[in-house]
Amino acid sequence: MSDKAPRYQRILLKLSGEALAGKNDMGIDSGVLDSMSLAIAHLVGLGVQVGIVVGGGNLYRGAALQKQGLVGRVTGDQMGMLATVMNGLAMRDALERRNIKCRLMSALPIGEVTENYSSRNAIRYLQNNEVCVFVAGTGNPFFTTDTAACLRGIEIEANLILKATKVDGVYNKDPNTHEDAVKYDELTFDQVLDQKLGVMDLTAIALLREHNVPLQVFDMAKPNALLHVVMGDSEGTKVINH
Ligand SMILES: Nc1ncnc2c1ncn2[C@@H]1O[C@H](COP(=O)(O)OP(=O)(O)OP(=O)(O)O)[C@@H](O)[C@H]1O
Ligand SMILES: O=c1ccn([C@@H]2O[C@H](COP(=O)(O)O)[C@@H](O)[C@H]2O)c(=O)[nH]1
């Protein structure tokens, strides 16, 4: 790797819950956690300020729980938000094992397990080179952790939102269900909204368009992909305003 400086000084990284499960159907894969924490530690070593939002799809999704008839939607969404807290606890410990200072900040107050989210405190911690892991999504049902990631990214004044997921970018249709799907290298938010491209929910995309914060979607399992994105190298799909 060259000695050029990172292009982005402060980032918000969205980690998909589903991708945290690795090759399993659900739960947390220790190998995935280990490689993600190593990649994040590398960025911190380069002086990049890192905020993280973790998803919960590897454990619970409110809409799916409601569909099963287990609970109502609001209860299901609360279970989903609590699932993100569990993923966040695992990520915090994985980072701390690498001697990275880390704060776990929750949108829902959970006593001594997490500290309450505050954008002012988060920015102070980031300036002190502490990683902030934001959990419990937005704290409200009927939202997703994609929207939470964009919201937190805007609040902490991140230069880029990174969506680390199981696919290697944004396609013209879902690549998991269409073999002939074609990947984009670059897109505008308007194109994502007009074509209803499903890689991120449309509320999240609309927020980024309004606040003019770029988004990059890339494969969480690809070695060095996170580093390439932060260095400004070509990776995955970049979504911008124009
Ligand atoms: N046009 C598209 N381009 C790329 N991926 C798409 C597209 N449409 C739908 N997808 C799907 O979006 C998924 C990415 O979402 P992801 O797995 O990150 O889920 P999430 O809901 O954000 O997180 P979680 O797993 O925590 O619920 C991909 O696995 C892919 O199947
Ligand atoms: O702001 C939010 C964020 C999430 N939820 C619930 O949590 C699950 C898991 O989040 P993913 O984005 O799917 O990873 C989600 O399905 C919702 O049920 C929420 O209610 N509010």
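Me: Is G17 buried or exposed?
Reply: In this predicted model, G17 has 22 C-beta neighbours inside 10 Å. A residue with 20 or more such neighbours is classed as buried. The count for G17 reaches that cut-off, so the residue is buried.

Me: Which residues does G17 touch, beyond those up to four places away in sequence?
Reply: G17 is part of helix 1. Leaving out residues up to four places away in sequence, the residues it touches are V54, G55, G56, G57, N58, L59, A83 and N87.

Me: Which residues are the closest to ligand 1?
Reply: The shell around ligand 1 consists of 20 residues. Helix 1 (17-20) and helix 6 (145-155) are the elements that give two or more residues to this shell. The closest residues are G17, E18, G55, G57 and G198.

Me: Up to what C-alpha distance are the "binding site" residues K14, L15, S16, G17, G57, R61, T165, Y171 and D174 spread in space?
Reply: These positions come from an unreviewed UniProt entry. They are spread over 161 residues of sequence. They are also spread in space, with C-alpha atoms separated by up to 23.7 Å.

Me: Which element gives the most residues to the shell around ligand 2?
Reply: Ligand 2 is surrounded by 21 residues, and the closest are G55, G62, D77, G80 and G137. Helix 4 (73-97) and helix 6 each supply at least two residues of this shell. With 6 residues, the element that gives the most is helix 4.

Me: What is the largest C-alpha distance among the "binding site" residues G56, D77, T138, G139, N140, P141, F142, F143, T144 and T145?
Reply: UniProt lists these positions in an unreviewed entry. Although they are spread over 90 residues of sequence, they cluster in space. The largest C-alpha distance is 14.2 Å.

Me: Which residues does F143 contact, leaving aside its neighbours within four places in sequence?
Reply: F143 is found in the loop between strand 5 and helix 6. With 20 C-beta neighbours inside 10 Å, F143 counts as buried. Its contacts are G137, T138 and A148.

Me: Within what arc do the buried residues of helix 5 fall, seen down its axis?
Reply: The buried residues of helix 5 (residues 119-127) are A122, Y125 and L126. They line one face of the helix, because their directions from its axis fall within an arc of 100 degrees.

Me: Which exposed residues does helix 5 carry on the face turned away from its buried side?
Reply: The buried residues of helix 5 pack against strand 1 (10-15), strand 2 (49-54), strand 3 (102-106) and strand 5 (131-135). The face turned away from this buried side carries R120 and Q127.

Me: Which residues does L126 touch, not counting those up to four places away in sequence?
Reply: L126 lies in helix 5. It counts as buried, with 22 C-beta neighbours inside 10 Å. The residues it touches are R10, Q49, G51, C132 and I156.

Me: Which residue just after helix 5 takes a positive phi?
Reply: The phi angle in question is about 60 degrees. The residue that takes it, just after helix 5, is N129.

Me: What pTM does the model score?
Reply: The protein chain averages a pLDDT of 96, and 99% of the residues score at least 70. The model has an ipTM of 0.95 and a pTM of 0.96.

Key:
Residues are numbered from 1 along each chain as its sequence is written. Chains are lettered from A and ligands numbered from 1 in the order in which they are written. This is a predicted model: local features need pLDDT of at least 70, side-chain atom pairs count only at pLDDT 80 or more; totals for chains, interfaces and linings use all residues. A residue is near a molecule or strand if its C-beta atom, placed from the backbone, lies within 6 Å of it. Helices (H or I, at least four residues) and strands (E, at least two) are DSSP runs, numbered from the N terminus. pLDDT is the predictor's confidence in each residue, from 0 to 100. UniProt positions are given in the numbering used here, feature names are shortened, and annotations may be inferred rather than shown by experiment. A residue is buried if 20 or more other C-beta atoms lie within 10 Å of its own, exposed if 12 or fewer, and partly exposed in between; C-beta atoms are placed from the backbone. Two residues are in contact if their C-beta atoms, placed from the backbone, lie within 7 Å. The arc is that of the directions from the helix axis to the C-beta atoms.
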